[in-house]
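Please read these points with the sequence and the model open beside you. They go through each chain in turn and then the place where the chains meet.

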Amino acid sequence: MTLLWLLIGRDLRQAWTSAGLWLPVAFLLLVASLYPFAVGPDAALLARTGGGMIWIAALLASLLPVDRLIAPDAQNGVLDQIAVRGIGEETVVLARLVAHWIGFGPPLMVATPPAAALLKLSAETILRLEIGLLVGTPALAALGLLVATLTAGLRSSGALAGLLALPLAVPLLIFGAGTLGDGSGAALKFLAASSLLLVAITPFAGGAAIRTGRE
Amino acid sequence: MSGAALRLDGVACLRGGRMLFRGVDLSLEPGGDALLAGPNGVGKSSLLRICAGLLPAFAGRVERRGGVALCDERLALDSNLALRTALAFWAELDGATSAQLDAAIDAMALGPLSSVPVRMLSTGQRKRAMLARLIASDAAIWLLDEPGNGLDTASLDLLGHAVNRHLAAGGIVVAASHQPLPLAAPVTIALDEYRADDPVEPA
């Protein structure tokens, strides 16, 4: 357990020192402030479409740090040094998943109310957005990390990561945006199920990808 | 460190469809050391990675008893941190005390550089930092890939002292090097003698 905390602590410190924590926040706020310029200052239209816009921004923000998640440590030998110590790749990926989520899920949730204000969203929509992001951002973090482990050894991995992750993220976007206009709660349950699945398989799939990439 | 052992039994290595070597045997007991020799590309680094468990052996068996520490050409230290802070992460991961870490830093004469960011270090200083991590790790089996690269005469002496102390304490050292290393009577493996010339059929 202390091992896991050590790894999480290092990953968080890396994210903090590389200013990675501000990137998703700045990105979300930028998109939210540009959107009214593009569609016009129609309050009713903004309120109806703004929530979906924030989900798209959250999805794209999750891809911003993908090229920093695994590739530098793989090239620098950090992953090998950890493996030599008999620590499983699954543990490394799990720690990184936690650190990556902390580095982008909560900051996005903090940035959502000001972004929602720019889009004239109602208080009820903001609440649904926050709950949806709380449930959905672990899935986005897991997906980004999984793609990062798969593309770590490749050149121009950032662009490839986007191409790989976006189709897989479509269900998350549908369920996530679906929670906004859905009174039954079914979309939220589907979102939670996808989130659980992705979080559960990422340490194993990512660990296997790192081991394969070593050869 | 007692009871450390490293045993290779008929180890073969296949990289990129090419058999680099086959039939390598090695048996090291506490205090044993081996030197891997041979021209570039003969598979010295690959054999070290097989010993470390990072690469699977294509054939043969690898047996390790005791912890492993690897020092290769990659720094694996966070470049924006002070040297001691960066090393402390690994020391904590290895369960080493801060006194052990300080001793390792002193053994490589890095004390005055403790607060210097890793990215400002020179090539030789980086190598010494990697060796300090190795010493602090308290692992029984040291795998050294070109440990003398970039080291000046004084640092080579430090390396020699560290290796001899490790061997005297019952550790095991396997080194690949082009320069003469201050190893006492190592088992020398000339890897070009194990070269497999017949092409391998793709599976």
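**Notes on the two-chain model**

1. Read along the sequence, chain A follows the pattern α-α-α-α-α-α-α-α-α-α. That is ten helices and zero strands. Helices (H or I, at least four residues) and strands (E, at least two) are DSSP runs, numbered from the N terminus. The radius of gyration of chain A is 18 Å, close to the 17 Å that the globule rule gives for 215 residues, so chain A is as compact as a globular protein of that length. This radius is taken over C-alpha atoms, and the globule rule is 2.2 Å times the number of residues to the power 0.38. Along the principal axes, the C-alpha atoms of chain A fill a box of roughly 60 × 35 × 30 Å.

2. This is a predicted model, in which local features need pLDDT of at least 70, side-chain atom pairs count only at pLDDT 80 or more, and totals for chains, interfaces and linings use all residues. Residues are numbered from 1 along each chain as its sequence is written, while chains are lettered from A and ligands numbered from 1 in the order in which they are written.

3. The confidence score, pLDDT, is given by the predictor for each residue, from 0 to 100. Its mean is 89 in chain A, where 99% of residues reach 70 or more. Within chain A, helix H4 (residues 66-69) has the lowest confidence, at a mean of 85, and helix H10 (residues 186-213) the highest, at 93. For chain B the mean is 86, and 96% of residues reach 70 or more. The complex receives an ipTM of 0.88 and a pTM of 0.89 from the predictor.

4. Look next at helix H8 (residues 123-151) of chain A. At 1.5 Å a residue, its 29 residues should span 42 Å, and its end C-alpha atoms are 40 Å apart, which agrees. The expected span is 1.5 Å times one less than the number of residues. Where does H8(A) bend? The bend, of about 40 degrees, is at Gly136(A), and Pro138(A) follows within four residues. A bend is the angle between axes fitted to the seven residues ending at a residue and the seven starting there.

5. Chain B has five helices and eight strands. From the N terminus on, their order is β-β-β-α-β-β-α-α-α-β-α-β-β. The C-alpha trace of chain B spans about 55 × 35 × 30 Å along its principal axes.

6. Which chain touches chain A, and through how many residues? In chain B, 16 residues are in contact with 14 residues of chain A, contact being C-beta atoms, placed from the backbone, within 7 Å. Strand E5 (68-71) and helix H2 (83-93) of chain B are the elements that give two or more residues to this side of chain B.

Conventions: Two residues are in contact if their C-beta atoms, placed from the backbone, lie within 7 Å.
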